[in-house]
Amino acid sequence: MTTTEILTGERADLLETLRQHRWFLTFTAQGLTDEQAASSPTASALCIGGLIKHVASVEESWVRFIEQGTSAMETDPESTDYENHAANFRMEPGETLAGIIERYNEIAAYTDKLVETVDMDLSHPLPAAPWFPEGKTWSARRVFVHIVAETSQHAGHADIIRETIDGQKTMG
């Protein structure tokens, strides 16, 4: 795509929606210190920095699925490494909110280019997992819709956490 081309249709809609929900998510972190971004002030163990980190990781994984197929998301069925999964939802010592957001922005920019260029009908079987129906395939289009949903859901979680920290709301 050249700079003179303008996206229309589903690509434009997907990009606009994805960018809007990314903005909602990252807006919740505006003005927070690293300590506040790492805090879990609600009954949940979730924190704003960890949510952004998780959404970035999930988006990156799904993009690999689009580009590489099912094997990009398969895990060792014998693995019980839940600690790595849990760490994906927290800010670890040495991590900064700015660093997490910078990484998220890099992943988002890569995803946006893929939305602009990939064959939306490119499909792969979903990996075997208890939360996926057996034998189901997802197209690139369906994956992008899932990324929007994941981002939106966690933006809502982040908004509740931010309101608990200092009363700031993303909307209203």
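Tutor: Start with overall size. For 172 residues, a compact globule would have a radius of gyration near 16 Å, and the protein has 17 Å, so the two agree. That radius is taken over C-alpha atoms, and the globule rule is 2.2 Å times the number of residues to the power 0.38. The C-alpha trace spans about 50 × 45 × 25 Å along its principal axes.

A word on the source: this is a predicted model, where local features need pLDDT of at least 70, side-chain atom pairs count only at pLDDT 80 or more, and totals for chains, interfaces and linings use all residues. Residues are numbered from 1 along each chain as its sequence is written, and side-chain values use heavy atoms, with hydrogens and water left out.

Next, the fold. The protein has six helices and two strands. Their order along the sequence is α-α-α-α-α-β-β-α. Helices (H or I, at least four residues) and strands (E, at least two) are DSSP runs, numbered from the N terminus. Of the 172 residues, 42% are buried. Buried means under 20% relative accessible area, with a 1.4 Å probe and protein chains only. Take contacts (heavy atoms within 4.5 Å). Among those between residues at least 6 apart in sequence, 77% join residues at least 24 apart.

Now helix 3, residues 48–68. Of its 21 residues, 16 are buried, so helix 3 is largely enclosed by the rest of the structure. The expected span is 1.5 Å times one less than the number of residues. Just after helix 3, Gly69 takes a positive phi of about 95 degrees.

Helix 6 covers residues 140–166. Its 27 residues should span 39 Å, and its end C-alpha atoms are 39 Å apart, which agrees. Just after helix 6 comes Gly167, with a positive phi of about 90 degrees.

Thr170 counts as buried because its relative accessibility is 13%. Its side chain makes a polar contact of 2.7 Å with the side chain of Asp159. A polar contact is a pair of N or O atoms within 3.5 Å; within protein, one must be able to donate a hydrogen and the other to accept it, and residues adjacent in sequence count only if both atoms are side-chain atoms. Leaving out residues up to four places away in sequence, Thr170 touches Trp23, Phe24, Phe27, Thr28 and Asp159.

Notes. Buried < 20%, exposed > 50% of the residue type's maximum accessible area, 1.4 Å probe, protein only.
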